[in-house]
Amino acid sequence: MAAWLYGHEAAWLTIGFMGPRVQVSPSRIRVPDIALFSRESQPHSMEDPRLLVVEVISPEDTYSDIQVRVQDYLGMGVKTVWIVDPWTRTARVCDSLGWRECNRLEVDGTPIYAELAECLRRIAG
């Protein structure tokens, strides 16, 4: 997933980070798998809203854990969260419209996208 997003940084005018520490509230820090920022508004800190956060589900993650994480990210101003589950080979786009399962993950209003099948092939290695 990171390789796909990083490979499109120049075309999308974005910059990505793997595993950044993100302060989502005064008392809570999250560490998403990937965070993607617009180069036009590069953040001064990891408290600034970003375009996209990607979470790849781990075996120990629960639905409740993921739901709280998504709420944290959207609540701090992240435009879109992608949740990828490599075990069920599914993904969800989470944004102001809600959660929806997708084969093509997108960030509404931008050229940013990822084809789930291609990303899963890369994860499987």
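Arginine 100 counts as partly exposed because its relative accessibility is 30%, where partly exposed is the range between buried (under 20% relative accessible area) and exposed (over 50%), with a 1.4 Å probe and protein chains only. The side chain of arginine 100 meets that of aspartate 95 in a salt bridge, at 2.7 Å from N to O. Aspartate 95 is buried, with a relative accessible area of 7%. A salt bridge here is a side-chain nitrogen of Lys or Arg within 4 Å of a carboxyl oxygen of Asp or Glu.

The model is predicted: local features need pLDDT of at least 70 and side-chain atom pairs count only at pLDDT 80 or more, while totals for chains, interfaces and linings use all residues. Residues are numbered from 1 along each chain as its sequence is written, and side-chain values use heavy atoms, with hydrogens and water left out.

## Overall form

The protein has four helices and ten strands, taken as DSSP runs numbered from the N terminus (helices are H or I, at least four residues; strands are E, at least two). Along the sequence the pattern reads α-α-β-β-β-β-β-α-β-β-β-β-β-α. The C-alpha trace spans about 35 × 35 × 25 Å along its principal axes. Buried residues make up 43% of the 125. Of the contacts with a separation of 6 or more, 51% are between residues 24 or more positions apart, a contact being heavy atoms within 4.5 Å.

## Sheet

Six strands form an open sheet with mixed pairing, in the order E1-E4-E5-E6-E7-E8. Two strands pair if DSSP finds at least two bridges between them. Strand E1 (14–18) and strand E8 (98–101) are the edge strands, each pairing on one side only. The twist averages 20° from one strand to the next.

Strand E4 (residues 34–38) runs antiparallel to strand E5 (residues 52–56), and three bridges join them. E4 is also antiparallel to E1, through five bridges. Leucine 36 stands opposite leucine 52 in E5, and glycine 16 stands opposite leucine 36 in E4. Alanine 35 has valine 53 of E5 opposite.

E4 is largely enclosed by the rest of the structure, because five of its five residues are buried. Ile34, Leu36 and Ser38 point one way from E4, and Ala35 and Phe37 point the other way. In a regular strand the side chains alternate between the two faces of the sheet.

Helix H3 (residues 63–75) lies across E5, strand E6 (80–85), strand E7 (90–95) and E8, at about 160° to E6. Axes are lines fitted to C-alpha atoms, for helices over the stretch in contact, and angles run from 0 to 180 degrees between N-to-C directions.

## Nonpolar cores

The largest nonpolar core has 22 residues, and Met1, Leu5, Leu52 and Trp82 have the most contacts inside it. A nonpolar core is a set of buried Ala, Val, Leu, Ile, Met, Phe, Trp, Tyr and Cys residues joined through side-chain atoms within 4.5 Å. Helix H1 (2–7), E4, E5, E6, E7 and helix H4 (116–124) each supply at least two residues of this core. Another core, of twelve residues, lies apart from it and includes Val24, Val81, Ile83 and Cys94.

## Charged side chains

The salt bridge count comes to nine.

| Pair | N to O distance |
|---|---|
| Aspartate 72 and arginine 30 | 2.8 Å |
| Arginine 100 and aspartate 95 | 2.7 Å |
| Glutamate 115 and arginine 104 | 2.7 Å |

Glutamate 115 in strand E10 (residues 113–115) and arginine 104 in strand E9 (residues 104–106) are eleven residues apart. Glutamate 115 counts as partly exposed at 30% relative accessibility, and arginine 104 is partly exposed with a relative accessible area of 37%. Salt bridges that share partners join Arg28, Arg30 and Asp72 into one network.

Both aspartate 72 and arginine 30 are buried. Helix H3 also holds arginine 69, which counts as buried because its relative accessibility is 15%. Not counting residues up to four places away in sequence, arginine 69 touches Arg30, Glu55 and Asp61.
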